[in-house]
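Me: I have a model open and want to learn how to read it. Please take me through it feature by feature.

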Amino acid sequence: MDLYSGYINKLIEEFAALPGIGNKSAQRLAFHLISMPQEKVNRLAKVMIDARANIKYCKNCFTLTDTELCPVCANQKRNHKLIMVVENSRDLAAYEKTQKYEGVYHVLHGAISPMIGIGPQDIKIKELIERLKDDVEEVIIATNSSLEGETTAMYISKLIKPTGIKVTRIASGVPVGGDLEYIDEITLMRALDGRVEM
Ligand code: ZN
């Protein structure tokens, strides 16, 4: 027996399929949505559709951006010989918030995880290696300190070593398994300053 109308059920289903949203939250969101004024719902839907349609990867570092080159890559004042490798655009944002990092980034969009079938070819590793043909002095690997993050760091370091380019890893002290975006700016700066050669 369906307790709600088909539309509400569909709405709950779609919300529940999003990360971090359980069935109860999905119901709450669905009922909230239908109590909202029609024009607010229209605006929300449009923002989602426009974002999905217009956001793309920076052609240099692969972070999410509206333009061909993201603001960091387009900035000539940044040190383009220094590349920090992060797992996602949220990690990039966390480092940018410190306003202390002067290099550029490379966004992998994930980490190697054999457990769930994510291999090196599924994230932006070959794109990183391609960038090393330019004049690069150091690659800082700032993947998370989770098992996946460490595996990815080791894998990338082994690939880069033969090129003679310096490879460093951010200092531990970043809580194990901690997502970079939740770590405060001082901890991030310490991790960056205390990086060690791999
Ligand atoms: Zn970029």
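Reply: Start with angle words. Angles under 35 degrees count as roughly parallel, over 145 as roughly antiparallel, 65 to 115 as roughly perpendicular, and the rest as oblique. Before we apply them, note that this is a predicted model: local features need pLDDT of at least 70, side-chain atom pairs count only at pLDDT 80 or more, and totals for chains, interfaces and linings use all residues. Residues are numbered from 1 along each chain as its sequence is written, and side-chain values use heavy atoms, with hydrogens and water left out.

Me: How do I describe two packed helices?

Reply: Two packed helices are described by the angle between their axes and the distance between the axes. Axes are lines fitted to C-alpha atoms, for helices over the stretch in contact, and angles run from 0 to 180 degrees between N-to-C directions. Helices are DSSP runs of H or I with at least four residues, strands are runs of E with at least two, and both are numbered from the N terminus.

Me: At what angle do the axes of helix α1 and helix α2 cross?

Reply: Roughly 130°, for α1 (residues 6-16) and α2 (residues 23-35), with the axes coming within 8 Å. The two helices are therefore oblique to each other. The crossing of α1 past α2 is right-handed. A crossing is right-handed if the near helix is turned clockwise from the far one by less than a right angle, and left-handed if anticlockwise.

Me: Which residues in α1 and α2 meet?

Reply: Contact means heavy atoms within 4.5 Å. From α1 come I8, L11, I12, F15 and A16; from α2 come N23, A26, Q27, L29, A30, F31, L33 and I34. By class, this contact of α1 with α2 has eleven nonpolar, two polar and no charged residues. Ala, Val, Leu, Ile, Met, Phe, Trp, Tyr, Cys and Pro count as nonpolar, Asp, Glu, Lys and Arg as charged, and the others, Gly among them, as polar.

Me: Take one residue. Is I8 buried or exposed?

Reply: Buried means under 20% relative accessible area, exposed means over 50%, and partly exposed lies in between (1.4 Å probe, protein chains only). I8 has 13%, so I8 is buried. I8 touches F31 and I34, leaving out residues up to four places away in sequence. The C-alpha atoms of I8 and L33 are separated by 9.9 Å, and these residues are 25 apart along the chain.

Me: What about α5 and α8: what is their orientation to each other?

Reply: The axes of α5 and helix α8 (residues 185-193) come within 9 Å and cross at roughly 95°. The pair is therefore roughly perpendicular. A94, Y95, K97 and T98 in α5 meet E185, L188, M189 and L192 in α8. The residues of this contact divide into five nonpolar, one polar and two charged.

Me: Which loop holds Q99?

Reply: The loop between α5 (89-98) and β4 (103-107). Q99 has a positive phi of about 55° although it is not a glycine. Q99 is exposed, at 73% relative accessibility. F62 also has a positive phi, near 70°. F62 sits in the loop between β1 (56-57) and β2 (64-65), and F62 is buried at 16%.

Me: Now the whole chain. How many helices and strands?

Reply: Eight helices and seven strands. Buried residues make up 39% of the 198 residues. The domain assignment, automatic or from a database, gives domain 1 (6-54) and domain 2 (64-197). Their C-alpha centres lie 33 Å apart.
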